[in-house]
Amino acid sequence: MRVNPIRLLFLASVAALATGCQKTVTYAEQKAHERETINEFIENQKIDVITLDEFLKDTITNNFETGPDTTRNEFVLFPETGVYMQIVRRGEGKVLQDGDRRVYNCRFMEHDIANDEVINLNLYENYPDVMTCTRTGDTYSATFVQGKMFSAYGTSVPSGWLVPMPYIRPSFYNGDQSSKVRLIVPHDHGNRNAMQSVFACYYEIVIMSQKWQ
């Protein structure tokens, strides 16, 4: 029996197209998967999620490291952004005031929740990442100047990093006087790659001011 090569090519093209269509994942499905990975992370890490109203009563998130209740691992959910935040140390400096612009040194760990892997780390290296942060009214903006985040993503600071700014007081000094936060950041408030590929990251960030404030 003779086989028409044109027909074979047509059938192969149809099969390839069908396979490609089957592998297409919609943005809604990607977001649903991201939500599942965040929920699994919260469950696995035994995180107690508190509401913004609960948090604003005392602006405390109990945690294993600094307490005051060291039996709880609390993160506050900001419903408008989907960011979860834990304040480990508020810091001993001053809150950024309206019109202020400061330069902060940052050490951090960036963890891809879906793949359970660290994708960026600067907690223990000699040179911190550096970012400038400005407050205008109730709006915060920031830019990376140097460091690993700058090398990986350019000047753009994930908007999720700015969520703690109204509540922390970065100090000139390291250690117990510095600010320390933990964040769960969904893709739309995350780094450039997270926004493009739709995945959430977990961050641990230590922030210090470059000058005495």
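This is a predicted model: local features need pLDDT of at least 70, side-chain atom pairs count only at pLDDT 80 or more; totals for chains, interfaces and linings use all residues.
The protein chain has an average pLDDT of 91, and 88% of the residues score at least 70.

Student: Which element gives the most to the largest nonpolar core?
Tutor: This core has 34 residues, and Met85, Met131, Trp161 and Met165 touch the most other members. Several elements give two or more residues to it, including strand E3 (83–89), helix H4 (148–153) and strand E9 (201–209). With four residues, the top giver is E9.

Student: Is valine 198 buried or exposed?
Tutor: Valine 198 sits in the loop between helix H5 (192–197) and E9. Its phi is positive, about 60 degrees, although it is not a glycine. Its relative accessibility is 8%, and buried means under 20%, so valine 198 is buried.

Student: And aspartate 116: buried or exposed?
Tutor: Aspartate 116 also has a positive phi, about 50 degrees. It lies in the loop between E4 and strand E5 (117–121). Its relative accessibility is 60%, and exposed means over 50%, so aspartate 116 is exposed.

Student: What is the peptide bond from glycine 67 to proline 68, cis or trans?
Tutor: Most peptide bonds are trans. Proline 68 is in the loop between helix H3 (52–58) and E2. Omega here is near 0 degrees, and the bond is cis.

Key
Residues are numbered from 1 along each chain as its sequence is written. Side-chain values use heavy atoms; hydrogens and water are left out. pLDDT is the predictor's confidence in each residue, from 0 to 100. A nonpolar core is a set of buried Ala, Val, Leu, Ile, Met, Phe, Trp, Tyr and Cys residues joined through side-chain atoms within 4.5 Å. Buried means under 20% relative accessible area, exposed over 50%, partly exposed in between (1.4 Å probe, protein chains only).
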